[in-house]
Amino acid sequence: MLVIKALTNIHEDWGESFEDFCIYYQLDVGLEGVEGASDMFSFEVISPARLNNVIEDIETGRGYLIMKDYDQNKVEQTVKRLVEMSREEDLDDALKNLSKYFRWDMDN
């Protein structure tokens, strides 16, 4: 069963107002009961205000959680729910499902 091994806040970038933020995360997932082995994913929690500033023409949503107000507990709950939704019998299938939401370090 796929579980969260670590969820790490890598960097915070705050603008001039509390409505302008981008928080960079790393998510490590692996099989329950297996020490050390994990796959790494990354994503950003971004505000609509910051998103508006970074979009030049078109942007896809993979790897972004968009929030009006940053709430670390909501981020953790959402990531946990997405990992639980991505569980499959086959580890590769579970990781591919999770990569629909986050950027996987194994992406080409």
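The model is predicted, so to speak of local features we require pLDDT of at least 70, and side-chain atom pairs count only at pLDDT 80 or more, while totals for chains, interfaces and linings use all residues. Residues are numbered from 1 along each chain as its sequence is written, and side-chain values use heavy atoms, with hydrogens and water left out.

Let me begin with the overall architecture. The protein chain contains five strands and three helices, where helices (H or I, at least four residues) and strands (E, at least two) are DSSP runs numbered from the N terminus. Their order along the sequence is β-β-β-α-β-α-α-β.

As to dimensions, the C-alpha trace spans about 45 × 30 × 20 Å along its principal axes.

Of the 108 residues, 32% are buried; buried means under 20% relative accessible area, exposed over 50%, and partly exposed in between, with a 1.4 Å probe and protein chains only. Among contacts with a separation of 6 or more, 52% are between residues 24 or more positions apart, a contact being heavy atoms within 4.5 Å.

Strand β1 (residues 2-14) and strand β2 (residues 21-31) run antiparallel and are joined by eleven bridges; two strands pair if DSSP finds at least two bridges between them. Leu7 has Leu27 in β2 as its bridge partner. Together β1 and β2 form a hairpin, with six residues between them.

Which residue of interest lies in the loop between β1 and β2? It is Asp20. Asp20 counts as buried because its relative accessibility is 14%. Beyond its neighbours within four places in sequence, Asp20 is in contact with several residues, including Asp13, Trp14, Ser47 and Arg50.

Phe21 belongs to strand β2. Is Phe21 buried or exposed? Phe21 counts as buried, because its relative accessibility is 0%. Its contacts, leaving aside neighbours within four places in sequence, include Asp13, Trp14, Ser47, Arg50, Met67 and Tyr70. Phe21 and Ser47 lie 26 residues apart in sequence, yet their C-alpha atoms are 5.6 Å apart in space.
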